[in-house]
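I opened this entry to record what I looked up, item by item. The sequence and structure come first, then my notes.

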Amino acid sequence: YLGTIFFYLLCKKRFKRRWLALAGSTFLIISPRIFAHSFYNSKDLPFMGLFIVSSYFLLNFLEKTNTKNAIILGVFAATLTAIRVLGILIPAFAIFFFLVNVLLNKKHMKLNSKETITAFLALISIYSLFTILFWPVLWHNPLVGFYNAIQQMSQFPWEGTVLYLGEFISSSQLPWHYLLVWILVTTPVIYSLFFLVGATQIIISIFKKPRRLNKSILRDLVIMAWLFIPLVSIIATNAVLYDAWRHVFFVYPAFIYIAILGLSSTSTNLKIIFSKHKAFIKPGLISILAFMLISTIVFMVKNHPFQNMYFNFLAGNKTKIKQHLEMDYWGLSFRDGLEYLVKTDKRPQIKVFSVYYPAMTNTLMLETNDQKRITFTKTPPEAEYILTNFRWQNKNLDLNKYYELTVDGMNIMTVYSLLAD
């Protein structure tokens, strides 16, 4: 929620119009996958939210480089880094874009002023101090600990396989387009269309006045860096990826920001084209957006808490998606299967098998007496039921279906019975 508020402030700072800032926050909220993960993802979503807050204060610092803004930015950037080492991007952006601003605006910016030097010393000092303070791993040896964290991030020790475009591929050997495809097929299409318009607008602005960097262009460049530098770095280094694109959720607000820029550009151009009716452009655009988002909102309400199963039409036939892409990799659906089992099978002991450990952890959500009734076996022959969410298995088993959970026409979890009829 804090991230959504600061995203509104971020958009308001750039676009100056309240309706565009509200549209930005609305787009962020009506993003099914992000919304779903906000209930249970204790790392990727806090990192995304705090990245928004840190980016807001980063822009404040770049626009007014003083000690006060440096201290605020340093504290938030340090907190962000303590969650995930990629938080170091914020102070890196601060230094890089300040230097770019100095080079392109020499008449207005001074690199050697006392206030600027004091501000950067404050930023580096506060950031270093609070990063160590908030990250106990660094207490023993900060430099070595930080270096090890970066090394582990670039080659995370997860050696499983990932279902992508119908093939099970090693997490360290995924094709370069893995993240791009996942973002494309799990984001409302209207956002992607406005993103293309916004990205084009930024590129045109840069080439129009390559030696002039006003506040708007500076903000847009920072946001572009927020989106593209992590994605390009991950692709270039062939970093380990799994569980769709949740590890890069933190770049999504930048994607939405650029989409809002596209919406703003569209509104401006329509007012020029239909100058005699420009009073109707804003309400007309809002009405069209509301209409186009109705199906997404209905999906989110109808399928809670399984908004993480959202796919747009680009993903293809809903009934066949599980043959090509990961489904409920988080394992939320196992709770439904277990609750159905204890409700319909009244025996004191029920033997269950599943290859995926979330099936076992989901038993903790059952009533205490029902938890004691469930026993997980080591092999399928010992079991009476098999639970699967189709992780590492993209086809139905040739067994008796006892129960299946369907979301938007997609079967995301099945309970098979091994008991004799």
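The model is predicted, so I kept to its cut-offs: pLDDT of at least 70 for local features, pLDDT 80 or more for side-chain atom pairs, and all residues for totals over chains, interfaces and linings. Residues are numbered from 1 along each chain as its sequence is written, and side-chain values use heavy atoms, with hydrogens and water left out.

**Entry 1**

I started at F306. I found F306 in the loop between α13 (281–302) and α14 (334–344). I call a residue buried under 20% relative accessible area, exposed over 50%, and partly exposed in between, using a 1.4 Å probe and protein chains only. F306 is buried, because its relative accessible area is 7%.

Next I listed contacts, meaning heavy atoms within 4.5 Å. Setting aside neighbours within four places in sequence, F306 touches F299, L332, S333, D336, L405, V407 and I412. I also checked D408. The C-alpha atoms of F306 and D408 are 9.7 Å apart, although 102 residues separate them along the chain.

P305 sits in the loop between α13 and α14. What kind of peptide bond joins H304 and P305? I found a cis bond, with omega about 5°.

**Entry 2: the nonpolar cores**

I searched for nonpolar cores. Such a core is a set of buried Ala, Val, Leu, Ile, Met, Phe, Trp, Tyr and Cys residues joined through side-chain atoms within 4.5 Å. The largest has 128 residues. Y191, W226, W245, F250, I258, L263 and I412 have the most contacts inside it. Which helix gives this core its largest share? Helix α4 (residues 44–63) does, with 13 residues.

I then took L263 by itself. Beyond its neighbours within four places in sequence, L263 is in contact with W19, L20, A23, F194, L285 and L289.

**Entry 3: helix α7**

Helix α7 covers residues 114–134, 21 residues in total. I compared its span with the expected one, which is 1.5 Å times one less than the number of residues. From first C-alpha to last, α7 reaches 30 Å, close to the 30 Å expected.

I listed the buried residues of α7: T116, A119, F120, A122, L123, I126, Y127 and T131. They lie on the same side of α7, because they cover an arc of only 160° around the axis. The arc is taken from the directions from the helix axis to the C-beta atoms. The face turned away from the buried side carries the exposed residues K114, L121 and L129.

**Entry 4: rings**

I paired rings of Phe, Tyr and Trp (its six-membered ring) when their centres lie within 6.5 Å; planes under 30 degrees apart are stacked, over 60 edge-to-face, and the rest tilted. The whole structure gives 32 aromatic pairs.

I noted F96 and F97 as an edge-to-face pair, 5.1 Å centre to centre with 85° between the planes. F96 is partly exposed, at 49% relative accessibility. F97 is buried, at 5%.

W245 and Y252 make a tilted pair, 5.6 Å centre to centre with 55° between the planes. Both are buried. Ring pairs join F195, W245, F249, Y252 and F255 into a cluster.

I also looked for charges over rings: NZ of Lys or CZ of Arg within 6 Å of the ring centre and within 35 degrees of the ring normal. R33 lies over the face of F311, at 4.7 Å from the ring centre. R391 lies over the face of W392, at 4.8 Å.

**Entry 5: other loop residues**

R84 is in the loop between α5 (67–83) and α6 (89–104). Is R84 buried or exposed? R84 counts as buried, at 14% relative accessibility. Setting aside neighbours within four places in sequence, I found R84 in contact with K43, D44, F47, H247 and F250.

N238 is in the loop between α11 (215–237) and α12 (252–273). Its phi is near 55°, a positive value in a residue other than glycine. N238 is partly exposed, at 31%.

F390 is in the loop between β5 (385–388) and β6 (400–407). Phi of F390 is near 70°, again positive in a residue other than glycine. F390 is buried, with a relative accessible area of 4%.

How values were computed:
Helices (H or I, at least four residues) and strands (E, at least two) are DSSP runs, numbered from the N terminus.
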